[in-house]
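Q: Hi! Could you walk me through this one in plain words?

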Amino acid sequence: MIVLGIESSCDETSAAVVADGRTILSNVVASSIDRHARYGGVVPEIACRAHVESILPVIDQALSEAGVTREDLGGIAVTCGPGLIGALLVGVAAAKSLAWSWGLPLVGVHHIEGHIHAARMVDPPLEYPYLSLVASGGHTALYRSDAVDTHVVLGSTTDDAAGEAFDKVASILGLSYPGGPSIERAAREGDSTAIAFPRTLLAADSLDFSFSGMKTAALYACKGQNARRDAPMLPGVRVPDVAASFQQAVVDVLVQKAAHATERFGIPRFAVVGGVAANGRLRECFEAWGAGAGVRVVFPPMALCTDNAAMIAGLGEHRLARGESDGLSLDADPRPIRA
Ligand code: KG4
Ligand code: ZN
């Protein structure tokens, strides 16, 4: 079955055409990130307007790059949540309109489950059951997946997402948005042991995360105890050292939580997905842990790690192939946990 996937939960408008849930015929992404840069984070209203402008051209491009027409499609899969409500609504409305006018079945896909499913679209696919870390600008959570439609949240952030912490610390350091890549670049010239950042692990058996303490530690290291974010930098602060020390602290926490979950469930298969998975130091540390602990660690290719519609089409295909459809009553639901 050939499925058209549509994704618009945050600042990327994406459409993809995927055959048999695995063969990516096209995966087009238009990002509005440049329009958000000056604000240091995604501005929902700007993201929604950009989706409205891009959604139909992106869908057209996905169909033409894949060399298919609507007659070849067996169904449409669209992200219905979680995410920014206005952004989600653009994708859901487009998907419903096309499903109605082309006479195709439509399924709604949970965005995070789509991210997790990316580990099934690599070669060879990660076998069930497996554990995943989803770390992006909006989400940081550990999941256990037992089957294509069985995903359990094991823990999630109690405050900032990991990517959000990178973005906020970059802003404190005067580095550009998005903060992850700029901190990684600056960290290459820095000493990761220069500043003793806390590794916030919460309760001993907790699989939840907290990054706000590290963010505050970065602020105080740069600008002084109890300083405000707009205070000047202290003399002698080396931005590369703060960047390297902060990055290592975040990576250590992510790896420790992954190791903890792996030991608890005895599952030696682990996927790392979301924009933060682009981080080179994170990859090195996860790979070293996996090699030492006998765990297969999978990093899907970046096009499948950041927000994209191929993962949505891939996951949606399973329900469409079973003859399921959510029909035109499908609605966007911005909440992280299914109601
Ligand atoms: O998955 P994504 O592209 O979009 C969503 O948030 O949904 O993730 C973007 C986040 C941003 O917070 C960005 O700073 C972070 O991922 N990020 C990184 C890196 N590249 C992107 N964080 C750390 N290191 C990176 N190299
Ligand atoms: Zn995402």
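A: Happy to; here is a short tour, from the whole chain down to single residues.

A: A word on the basis: this is a predicted model, where local features need pLDDT of at least 70, side-chain atom pairs count only at pLDDT 80 or more, and totals for chains, interfaces and linings use all residues. Residues are numbered from 1 along each chain as its sequence is written, chains are lettered from A and ligands numbered from 1 in the order in which they are written, and side-chain values use heavy atoms, leaving out hydrogens and water.

Q: Thanks! How many helices and strands does the protein chain have?
A: The protein chain has 11 helices and 10 strands. These are DSSP runs numbered from the N terminus, H or I over at least four residues for helices and E over at least two for strands.

Q: And what is the radius of gyration?
A: The protein chain has 20 Å, which agrees with the value near 20 Å for a compact globule of 339 residues. The radius is taken over C-alpha atoms, and the globule rule is 2.2 Å times the number of residues to the power 0.38. Along the principal axes, the C-alpha atoms fill a box of roughly 65 × 45 × 35 Å.

Q: What share of the residues is buried?
A: Of the 339 residues, 51% count as buried. Buried means under 20% relative accessible area, exposed over 50%, and partly exposed in between, with a 1.4 Å probe and protein chains only.

Q: Let's do sheets. In what order do the strands of the open sheet with β1 run?
A: The order is β3-β2-β1-β4-β5, with mixed pairing. Two strands pair if DSSP finds at least two bridges between them. β3 (23-31) and β5 (106-110) each have a single partner strand, so one side of each lacks a neighbour in the sheet.

Q: Which helix packs on it and touches β2?
A: Helix α2 (residues 44-66) does, touching β1 (2-7), β2 and β3, and its direction makes about 25° with that of β2. Contact means heavy atoms within 4.5 Å; axes are lines fitted to C-alpha atoms, for helices over the stretch in contact, with angles from 0 to 180 degrees between N-to-C directions. Helix α3 (residues 85-102) also packs on the sheet, touching β1, β4 (75-81) and β5, at about 160° to β4.

Q: Now the metal. Which residues coordinate the zinc ion (ligand 2)?
A: H111 (NE2), H115 (NE2) and D307 (OD) do, at 2.1 Å. Donors are N, O and S atoms within 2.8 Å of the metal (3.2 Å for Na, K and Ca), and water is not among the atoms, so sites may look incomplete.

Q: Where do H115 and D307 sit in the chain?
A: H115 is in helix α4 (residues 111-117) and D307 in the loop between α10 (302-305) and α11 (310-321), 192 residues apart. H115 and D307 are both buried.
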